[in-house]
Amino acid sequence: MKRVILFLLTNLAVLVVASVVMSVLGVNTQTMSGLLVFAAIFGFGGAFISLAMSKWIAKKSMGLEVITHPRDNTERWLLETVARQAQQAGVKMPEVAIYQSPEMNAFATGPSKNNSLVAVSSGLMYGMSADEVEAVLAHEMSHVANGDMVTLTLIQGVVNTFVIFAARVVAGLISNFLSSDEEEGEGLGGLAYFAVVIVLEILFGILASIIVAYFSRIREYRADAGAATLAGRNKMIAALERLRNGPETGEMPANMSAFGINGKRSMAELMMSHPPLEKRIQALRDAR
């Protein structure tokens, strides 16, 4: 329920901000240029507001316990390891957190490489060896150092804009076609028009998600390579092998699972945000 409320609040913030911007700019959606501006405001606006709120959303939705004062040697080691890797990667020390979950996973989030958060599940923290956890942390720190959160936000903003713009253009063409039909004589009515727009946004959204997933998989290979540099290739391979032999991941929110060490498994690789673990392991072995 908490995640649903946060999702609704995020979308409400997008609507309010976008509406204010459109009002200030005097955007006229009846023209192609105005429609494109409208699509860009909502497409990029939603993506960047989600990015700006990402750390707050992660803390609230995942019940993160941010480590400020280590309670035991495990938490102290976790902070020291992340601090060392952050220095190696040339970025500011991120916030470090643990969340209670039996799955072995971790993720990075935050609006920039110098304002980030790295979180690990209790299942990963206590279910892997120290070397494997170190490699997972290095993977997440590579996401941070590569600026992947901002990169994926820009890509998401572009495809969101395409979906919003294309859906309304095609719906308008359908409406014009129907209005020119001698038998019908009318275009799409208000509700019918919005129904067509929604259907088209779903269809274009599927295409867009394939594009985003493709870039996400490329980003995962880069983070694995970065982890091999920060922690060692053999440690990273061992961590991925442990994940391959473990259970499937749980229901981590999509905006966080995209930066997790382990993605959801799927029959269709085109829709996966992470490459299959077998391919990731082979890529590391081939890079020797």
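Visitor: Does Y99 count as buried or exposed, and at what relative accessibility?

Guide: Y99 counts as buried because its relative accessibility is 1%; buried means under 20% relative accessible area, exposed over 50% and partly exposed in between, with a 1.4 Å probe and protein chains only. The model is predicted, so local features need pLDDT of at least 70 and side-chain atom pairs count only at pLDDT 80 or more, while totals for chains, interfaces and linings use all residues. Residues are numbered from 1 along each chain as its sequence is written, and side-chain values use heavy atoms, with hydrogens and water left out.

Strands (E, at least two residues) and helices (H or I, at least four) are DSSP runs numbered from the N terminus, and two strands pair if DSSP finds at least two bridges between them.

Strand 2 (residues 95-99) pairs with strand 4 in the parallel sense, over 5 bridges. Across this pairing, A97 has A119 as its bridge partner, and V96 has V118. Strand 3 (residues 106-112) also pairs with strand 4 over 5 bridges, but in the antiparallel sense. There S112 stands opposite N115, and the two strands form a hairpin with 2 residues between them. Strand 4 itself (residues 115-121) is mostly covered, with 6 of its 7 residues buried.

In the largest nonpolar core, which has 38 residues, V120, L78 and L124 touch the most other members. Helix 6 gives the most to this core, 7 residues. A nonpolar core is a set of buried Ala, Val, Leu, Ile, Met, Phe, Trp, Tyr and Cys residues joined through side-chain atoms within 4.5 Å. In soluble globular proteins, nonpolar side chains tend to be buried together.

Helix 6 (residues 130-145) also holds E140, which the UniProt annotation "active site", from an unreviewed entry, covers; such annotations may be inferred rather than shown by experiment. E140 counts as buried because its relative accessibility is 0%.

Aromatic rings are the last topic. The whole structure holds 6 aromatic pairs. In one of them, the ring centres of F38 and F42 are 4.8 Å apart and the planes lie at 50°, so the pair is tilted. Both residues are in helix 2 (residues 32-52), 4 residues apart, about one turn of the helix, and both are buried. Y99 has a ring partner too: with F107 it forms a tilted pair, 5.8 Å centre to centre and 45° between the planes. Rings of Phe, Tyr and Trp (its six-membered ring) pair if their centres lie within 6.5 Å; planes under 30 degrees apart count as stacked, over 60 as edge-to-face and the rest as tilted. F107 counts as buried because its relative accessibility is 0%.
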